[in-house]
Amino acid sequence: MADNADHIDGDDNEDVRAQQNLIKIKLKSSEGGIYECGLTAAKMSDLVKNMVESLGTDAVVTTEPIILGNEAVTDAALKKIIEWVEFHWDDPPVDHDFEDEKDRRNEELSHWDKQFIDVDDQALLFDVIAAANYMDIKGLVEVGAKHICSKIRGKSCQEVREMLKITNDFTAEEEDAIHKENAWIYAKD
Amino acid sequence: MEMDYKQNTVEEEVETVENDRKINKMHTKWMLNCLIKKVDTDFEQILPNEILIKIFDYILVDDHNRTQSIINLSQVCESWRKLIIRTPMIWNSLDLQTITDVNLNEFFEMMAANQLFLCMKGLNLSGWNGANAERVLDTVATNCRDNLHELSLKNCKNISSQFLQTLSTYCPNIVVLDISSITYFRLLGVYIRQIRNPRKATSHQNSQSPFAAPVFRPYLEKCGNNLISLNM
């Protein structure tokens with residue numbers, strides 16, 4: 001009986017989540033742009049979730065935009081973030097405190113996430129990750145971190161710098177010396 | 001002939017594990033020293049430190065060349081180097097097996113000053129000479145707060161049996177211990193013999209069973225329950 005009751009509760013929760021996602025709230029970027037987002041999806045951000053809960057009634061939530069003041073939350077980054085949460089809002093919940101960290105680290109990104117995060121604009125990519133971190137969207141932070149990891153892994157210092165568009169202040173002679181010293185890195189697969 | 005071969009492999013960028021190892025060994029001294037030296041390149045960081053640490057963590061997990069990879073990351077820019085030498089979590093294992101008799105004082109001072117031994121679970125000192133291995137082990141053991149789980153002292157020569165005392169006092173939670181092919185002395189006499197007649201002393205020590213050390217039994221009695229793998 002108890003199991004059955006739990007099961008029904010679970011279904012109810014899913015229904016509630018689906019219904020709540022029909023409620024649209026407004027999120028305001030640091031650049032001033034205002035964008036609509038489903039309530040359940042927006043609550044994937046712990047920051048937004050706490051703000052919504054502290055505001056109380058849905059009526060207030062749907063009229064006043066929630067201001068995301070961090071400079072990483074640009075218009076473009078916020079649009080990307082809303083795209084991500086609107087796709088993932090009905091994912092099974094992950095308990096980030098107790099989930100086996102190592103398993104999650106080794107888990108491959110889904111095809112959708114890979115395409116989502118593989119943006120050409122490096123500045124946008126960093127903004128999305130930094131904004132997701134500010135908004136406390138753990139799943140998206142993880143996608144971003146894994147993507148950058150896959151771009152850095154196995155690369156030499158110079159390749160990493162180029163990838164991250166870091167200007168190099170070494171002189172040519174210093175660079176040459178370092179290249180020699182780094183021979184082992186270049187020989188690595 | 002051998003020189004030609006080596007040059008060719010570098011030029012043609014032939015990638016073999018064996019070659020990597022040779023090159024690693026050639027540059028280990030530079031590698032550790034560079035962690036202490038400021039990196040000339042730097043740039044404004046967009047990603048917050050906690051995300052960078054997460055990224056480093058993803059890169060380093062299951063990396064067989066973890067120590068080398070940490071050093072490589074540290075040389076990308078000064079901000080990364082600073083972050084790396086201030087984050088004990090990154091240093092959960094340290095593989096120093098390719099380094100022998102290098103003056104590591106500065107490196108270990110930096111490690112200790114930044115509490116980088118705090119999270120250390122694995123330490124590999126394979127092939128070190130005994131006195132140096134013991135010195136490093138003492139530093140790590142007294143600073144790792146029972147965290148050390150894996151230790152390799154494989155091929156360490158002339159180590160004193162005192163290290164077992166260190167382990168039983170500070171590292172009771174070791175799960176994997178490799179002390180295969182170590183030679184060690186417990187009597188001053190053996191040490192003196194070694195100085196007077198190295199060949200004789202070496203053969204004498206090689207014949208010693210690790211079980212003969214008077215502290216081995218107490219170590220096993222105290223910490224043996226935690227051991228899953230003991231390679232002698």
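# Surface patch, cavity, loops and salt bridges

B:Leu220, B:Leu230 and B:Met232 make up a nonpolar surface patch with about 200 Å² of accessible area together. The model is predicted, so local features need pLDDT of at least 70 and side-chain atom pairs count only at pLDDT 80 or more, while totals for chains, interfaces and linings use all residues. Residues are numbered from 1 along each chain as its sequence is written, chains are lettered from A and ligands numbered from 1 in the order in which they are written, and side-chain values use heavy atoms, with hydrogens and water left out.

**Surface patch**

- A patch takes residues with over 30% relative accessible area and no salt bridge, joining like charges within 9 Å and nonpolar side chains (Val, Leu, Ile, Met, Phe, Trp, Tyr) within 5 Å.
- Areas are from the Shrake-Rupley method with a 1.4 Å probe, and for residues only the protein chains shown count as cover.
- B:Met232 sits in the segment after strand E7 (229-231) of chain B; helices (H or I, at least four residues) and strands (E, at least two) are DSSP runs numbered from the N terminus.
- With a relative accessible area of 33%, B:Met232 is partly exposed; buried means under 20%, exposed over 50%, and partly exposed in between (1.4 Å probe, protein chains only).

**Cavity**

- The whole structure contains 1 cavity of 30 Å³ or more, and the largest cavity holds about 70 Å³ of space.
- A cavity is a set of points, on a 1 Å grid over the protein atoms alone, where a 1.4 Å probe fits but cannot get out; lining residues have an atom within 4 Å of a point.
- Grid points are joined across faces, edges and corners, and the volume is the space filled by probe spheres set on the points.
- The lining of the largest cavity draws on chain A through A:Phe126 and A:Leu164, and on chain B through B:Phe43, B:Gln45, B:Ile46, B:Leu47, B:Leu52 and B:Trp80.
- This lining has 7 nonpolar, 1 polar and no charged residues, where Ala, Val, Leu, Ile, Met, Phe, Trp, Tyr, Cys and Pro count as nonpolar, Asp, Glu, Lys and Arg as charged, and the others, Gly among them, as polar.

**Loops of chain B**

- B:Arg145 lies in the loop between helix H7 (130-143) and strand E3 (150-152) of chain B and is exposed, at 61% relative accessible area.
- B:Asp146, in the loop between H7 and E3, has a positive phi near 65° though not a glycine, and is partly exposed at 36%.
- B:Asn155, also not a glycine, has a positive phi of about 65°; its place is the loop between E3 and strand E4 (159-160) of chain B.

**Salt bridges**

- Over all chains there are 6 salt bridges, each a side-chain nitrogen of Lys or Arg within 4 Å of a carboxyl oxygen of Asp or Glu.
- A:Lys24 and A:Glu86 form one of 4.0 Å, N to O; A:Lys24 is in strand E1 (residues 24-28) and A:Glu86 in helix H5 (residues 75-88) of chain A, so the pair ties together parts 62 residues apart in sequence.
- A:Asp46 pairs with A:Lys138, their closest N and O atoms being 3.2 Å apart; helix H3 (residues 46-55) holds A:Asp46 and helix H9 (residues 138-152) holds A:Lys138, 92 residues apart.
- A:Asp46, A:Asp136 and A:Lys138 are linked in a salt-bridge network.
- A:Lys114 and A:Glu108 meet at 2.8 Å, N to O, in a salt bridge; A:Lys114 is partly exposed at 41%, whereas A:Glu108 is exposed at 60%.

Conventions:
On a 1 Å grid over the protein atoms alone, a cavity is a set of points where a 1.4 Å probe fits but cannot get out, and a pocket is an open set with protein on both sides within 12 Å along at least five of seven lines; lining residues have an atom within 4 Å of a point.
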